[in-house]
Every structure is written in C-alpha cells, then in structure tokens.
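These are my notebook entries on one protein chain. I set down what I looked up, entry by entry.

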Amino acid sequence: MDQLCEIFFLPPMAVARLGAGETPLDSFEWVQDLDAHGNNKTVIRANVTLKEEKDGSVSAFKPDARKIQFRDEGTDNLRPVAPFFELWALMHDGEADRSYETPVTLQLLKELGISLKNISYAVTVGNNKAERRTGDAACSFRARVEAAGDDHARHALNGFSPHTSKQQPMVYPDKPIPMGHFRVVRPVDKVAYPEGEDKEPVDLGVLRVRFTPPKGEVYGPPDVDYAPATLAVPGYLNDPPAAEYGRIHEIVRPENRILNPDTPWSEWIMMSGLSDDPEPHDSYDGARVGNNQAWGIADDTSDGIIKATLTLAGERYTAQARVMTGPPDFAPDKRPFYSLATDLDDRDLPLVEVNNDNFEAVKDEVMDIFRRAFETNSLVNLDDIRAQGLADNAGLQATSGVGEFEGMWSTDARSMTETDAIKPSKITELIRPQPESIYSNSVPNDRLPYTVATTFVHEQMIDEAIMIDFLKRRGTYVKKLLRPPFGVLSDLEEDPDPDAHPNDAHRDPRIVRDLLHDARMPPYMRDSNYFPLSLSRRQYHLVVQFIDHLNGTTDAGGELQDD
C-alpha cells in the first residue's frame, strides 16, 4: 500500500470578498477576447462552479457563459466570493519508488484504513487594524471555530476582543462582530460532469472546506452617528487638515453601534506626532476633520488560517491554508499588474535570462504585463494621483533638501510636461499644452487630459505586433521609462548617503530621490508602504532582458527622443 507522506491544502491561499448577497458568486476566469471587435482585451468567462446543498454536500454546474450575476435579484446585494479549499496528500509508491500528489477522497481514506472521524479542522480569523495603530491587543478582535471531519454544519465565526483584567475590550463577547462562516463539505462518492461526458469530471468525494466572508459592515461605539467629510485630501497644497465642512454622512448604522467607547482606539489621533500612523490609512471614516481623532470604528474584514489535522497509525499530519477577506472587486475584468502572485513569484522564482529556447514563453509573460498595465491604467485617475504625488514630493524635498538630479525625470511641477528634464513621449501630441503645474490644464470637454492620453497609449501596447515593434525601436527609452524596483539586501550599500544619486538598476529606501514620484512607469502610483510603485524585481528584470534580447543585447532605440 502507498504511504502517506504529508497533507496540504489547494489553494494554499485565497481571497474572499465581502458581500451581503445570499448566493455566493459563480466561478469565472480571465480570457482574451479574440472576436473581431474584442481587440484582445481581457474578459471574464464562466467556469465550473460548486454549489452548497442543504445537507453540506456540493453539486457542480457550468453557469451560463454569457451571464455572470454579481448581485442578488430583488435586493441588489453584492454576492460574496466564498472560496473552497481542497485537502491533498503527498503519497509515496514504494514499489515504483516515486512520490505523487493526489486529492484526499473518501476512496483514499478507505485505502488508508481511516475515515472522516480521523480528520479535524480549525479556522481562526482576526482583525488587527486598530491594534496595529494603538499597540493594544484588546483593540483587535478574532474568532475561532473547530469542526470534526464528519461535522457538516455551517459554523458562524463571531469575533470579539481578547483582553486581560486591566484592558478594555473593543468588541464585547456578548455583542460580537460577525466575521463569516466556515463549513466542512460533506464528501459523496460521486463524479459530476458539468460540462458533458467528454470533459473533465469533478470528483465530489474530495475533502473540501469552505470559508464564506461576512457582509461588509462597519461597527462603532454608541455615539458614532453622523460626521462631515473633507471635500479634498489635506496636504501641502490642498485644504487644511482641520476643516469641518463637507458632506454629512452616517458613519455607522444604529444597529451596529455596539463597540466599547472606552478603548485607546477611540482616542487615537492620526499624525499627532506621538507615533507614526501605519500605512495604509486612514481606516476610519470621518478622520482628518476636527482634531483628527478616530471614531473608534471597525469593519468586518479579516485574515485567517485554516488548519486540517489527520491522524493515521499514531501519527498526526497537518495542513494549513490562509484566507484573506477583502472588499468586492468592482472591476472584475481588470487585472492588476502587481498582485500577491507577483510577490510570491518574486520571492520563490529565479530571475530569467532570456534566450532563444525560452523566448516564446518570456514574450507571453511580457505581453501579459503590458496587458495588465493597460487594465490597471484604465482604472486610475492619473491627473489626480499626479497632483497628490507631486504634492508629497514637495513636502519631502522641503524637509530633506534634496533637489533635482541631472539626467533624471523631474519631481516638481514640471513632471510629465514639456519642460520635464526628460521630455515625455506622446503626451505633448495627444493633449493640450501643460504648463508647469501640479494640476492638469483641462478644458470642459477634456477634464482629465493625462488620464485619457495614457489610456490611449497603453491600449496600443496590448497588441503583440505593436508592442514588439515599439520595444525594438525604443528599447533605450522604455528601459529609462521603467521605475526600477527596490533592490535586495545584497544589492544595497551598507551605509549609503541619503542624498546620493540613485542607482540606475535598483532603488534604496534610504536614498531620498528613490522615494520621490516622477513620470516613470507606473507614474505616481504608490505601494503598500506609500512609496512610488514599480514592477517587481523579477518583472523588471524580465522586461529589460526581453528588450535586450530583441535588440541583440544592444539597444536599437539610440538616444532618448520623442517619437
């Protein structure tokens, strides 16, 4: 008999998305639209979907490929994304002396001489946003559920704040915050063919669990009712941060005003000078008005760990998966060029050296980066984030004294205008003249000139032939146009001069110029640390290598010049 070596979950990580709908969202995938009028743009296509039945088992079906329903009929509530996790095993075949991976099914359990009673699950989810700011663990809240392998009931995850006798809990145990549901799927010895007998079957006997996220509610103390919101983002050139005008809005619904008002979170003042406010901020509506004091509110998002334990012959095997709850995806056909998968690839995969053998595969990956860049760009108000980025630059340059560097993109009001130290390509031909200003020179029928122009330019790059031709002609320019990623530790100097001229191949967070926004791609966007965003190290290296290979390791673009 084959030997069990280990167990693991697939997927090992998933993002659940909030939604108040009663029915979870059907499964779909990204594909390229190859129709005559599709222009190779990304569209979503229905995929095989598992449906929870009342007894805890699942059935499989293929939704209508032409219609994916994102809201419940009648209520218009957004449907949640509720991921399934499958339990898999690494087995060893002693006779053939080989290892292989296989899903854990009822049949496999039978072959191992065990049953569902030999398996147990536990899920723990928590929200630590307020704790991260206050440093008080009682301002976090979490929920935990344990279930046996043959327990197929739907278990509510009700979160409350752990605390000591000297701490005030933000969330009371008798007034918990709903954080979703967890269910061990009932496996059945049956195979389904949702796409027809000639297509790949779905084994309903695979051991699965499901995490269903909460509705997407906001909770607060009893006195959190209505407040104004500023009309503009406070900053160096915008409205003062203590403004008390703007639209009056309801912060928390009456039935959700259940949190403890006597916690450090209700006294937190952002940017008070006593501590640094962690990024991203702010996490509370109504902040940046009055004295900038938090309202002490919390949402029902969370991060969590799902754990499975299997006992066999006196040994315990464990598997873990991570689940994150986030907001709904309001642009499901638009893919980010930088994702969790990108981060994991950057950590786990080696840098690629492009050669004739892997050229086609690399070309497809580079093409995908350009398509994703267009999809991201089509969601961004470049005129607005340019103004914010240049305003941030002004503050950092004023405190650091770091100015412009010869041969580098401008970081002041000249950025992405005709007077930029490196003249932007295409912009001057596509939009009306832009004087030196952080604000766009717009007209009634062209309110967002930068946004419209860059979307037009990026849309051309989703065509493979145009992209290849451009990279051949303008290789030098494109490499100069890409913002380098932050270097790994081995790339960085031990004690750099913060005012030093940046390295062309990588950035260093200790060098001020590397923290300033400019017209390099992606322009004025921010990463999770509020620094200028870039491609990942692996993506950047891949694109540069691909350009060099196209041009025989020498740049065909010549001197930087406008097209």
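**Aromatic pairs**

I looked up Phe-9 and Phe-85 and found that both are buried. I note that the model is a predicted one. The ring centres of Phe-9 and Phe-85 lie 6.3 Å apart with the planes at 75°, so I recorded the pair as edge-to-face. Phe-9 belongs to strand β1 and Phe-85 to strand β7, and the two residues are 76 residues apart.

I then turned to Trp-409 and Tyr-477, an aromatic pair that is also edge-to-face, with 6.5 Å from centre to centre and 70° between the planes. Trp-409 sits in the loop between α5 and α6 and Tyr-477 in helix α9, so this pair ties together parts 68 residues apart in sequence. Trp-409 has 3% relative accessibility and counts as buried; Tyr-477, at 5%, counts as buried as well. I also noted Arg-474 over the face of Tyr-477, 4.5 Å from the ring centre.

**A loop residue**

I located Thr-411 in the loop between α5 (382–400) and α6 (427–430). The side chain of Thr-411 makes a polar contact of 2.5 Å with the side chain of Glu-404. Beyond its neighbours within four places in sequence, Thr-411 is in contact with several residues, including Leu-390, Arg-513 and Asp-518.

**The open sheet**

I traced an open sheet of five strands in the order β2-β21-β20-β9-β10, with mixed pairing. β2 and β10 stand at the edges with a single partner strand each, so one side of each has no neighbour in the sheet. β2 and β21 run parallel and are joined by five bridges. I found Arg-322 of β21 as the bridge partner of Met-13.

Technical notes: Residues numbered from 1 in each chain as written. Predicted model: local features only at pLDDT ≥ 70, side-chain atom pairs only at ≥ 80, totals over all residues. Heavy atoms only, no water. Pairing = 2+ DSSP bridges. Helix = DSSP H or I, 4+ residues; strand = E, 2+ residues; numbered from the N terminus. Polar contact = N/O pair within 3.5 Å; in protein donor to acceptor, adjacent residues only side chain to side chain. Contact = heavy atoms within 4.5 Å. Phe/Tyr/Trp six-rings, centres within 6.5 Å; stacked < 30°, edge-to-face > 60°. Buried < 20%, exposed > 50% of the residue type's maximum accessible area, 1.4 Å probe, protein only. Lys NZ or Arg CZ within 6 Å of the ring centre and 35° of its normal.
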